[in-house]
Amino acid sequence: MLSAQQTAKKYVLIEHFTNSKCSICASKNPAFYSLIGQAQYADDVHHIAIHPSFPYNTCVFYLANTIENNAWTSLYPGVQGTPTIAINGALQNPTNPMLSEAKLQPFLNQTSPLSIQVTEGGTNAARTVQVKAKALGDIPVGNYKIFVAIAEKTVNQVTSNGEAVHHDVFRKMLTAVAGDPFRPPATGGSGDSNFTFSMPNHGKAGQG
């Protein structure tokens, strides 16, 4: 029988609100990406870049999915400008640099009684995603949701703010933007959530 003390690694989720025409983003994003890409943090952080309509609603990544970029941004009414980050669902006050090692450190080396494993397969026209949740320990009673998003790991495109490489660009939600209801399995049990989608063909739309 599994012990209730067993746990899984808890990754740091960073939701990064940025804009491909924002000059301040271009000045702050490189140091941010350099920090979370360091060897000691690369396997600890899960990052996704959301592109709001501000300060420029002609941002190429915003235009690729205006509805869901708007909806994701609206989950955080405190996002009034870019770049802005939320860590594990908590909006962070704007600072320079955007993220420091001192701010990141307290979120590291945490654990969870719920293990999540994601596998992906299929063809571009019919991709499959399986999210396997396994309860390694007792999960507190609560109202839980599952969020599943598609992100493009690297987009090599020079945009009008001068950025040439864009990381983990949000493309599409497979659940509702505000999440789908999720019932955790009992201790020792597991459950799967399955999704299908086709790869969107965004291509390069010039500068954005």
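**View A. Residue classes in the lining of the largest cavity.** In this predicted model, that lining has seven polar, three nonpolar and one charged residues. Nonpolar here covers Ala, Val, Leu, Ile, Met, Phe, Trp, Tyr, Cys and Pro; charged covers Asp, Glu, Lys and Arg; the others, Gly among them, are polar. Lining residues have an atom within 4 Å of a cavity point. They are Thr18, Asn19, Ser20, Asn29, Tyr33, Ala49, His51, Glu163, His166, His167 and Val169.

View B. One cavity of 30 Å³ or more is present. The largest cavity holds about 50 Å³ of space. A cavity is a set of points on a 1 Å grid over the protein atoms alone where a 1.4 Å probe fits but cannot get out. Points are joined across faces, edges and corners, and volume is the space filled by probe spheres set on them. Helix H1 (23-36) and strand S11 (165-173) each supply at least two lining residues. S11 gives the largest share, three residues. Helices (H or I, at least four residues) and strands (E, at least two) are DSSP runs, numbered from the N terminus.

**View C. The largest nonpolar core.** This core has 15 residues; Val12, Ile14, Phe32 and Leu99 touch the most other members. Strand S2 (12-17), H1 and strand S4 (84-87) each supply at least two. H1 gives the largest share, four residues. Such a core joins buried (under 20% relative accessible area, 1.4 Å probe, protein chains only) Ala, Val, Leu, Ile, Met, Phe, Trp, Tyr and Cys residues through side-chain atoms within 4.5 Å.

Residues are numbered from 1 along each chain as its sequence is written, and side-chain values use heavy atoms, without hydrogens and water. Local features need pLDDT of at least 70, side-chain atom pairs count only at pLDDT 80 or more, and totals for chains, interfaces and linings use all residues.

Definitions and conventions:
1 Å grid on protein atoms, 1.4 Å probe; cavity = no way out; pocket = protein on both sides within 12 Å on 5 of 7 lines; lining within 4 Å. Buried < 20%, exposed > 50% of the residue type's maximum accessible area, 1.4 Å probe, protein only.
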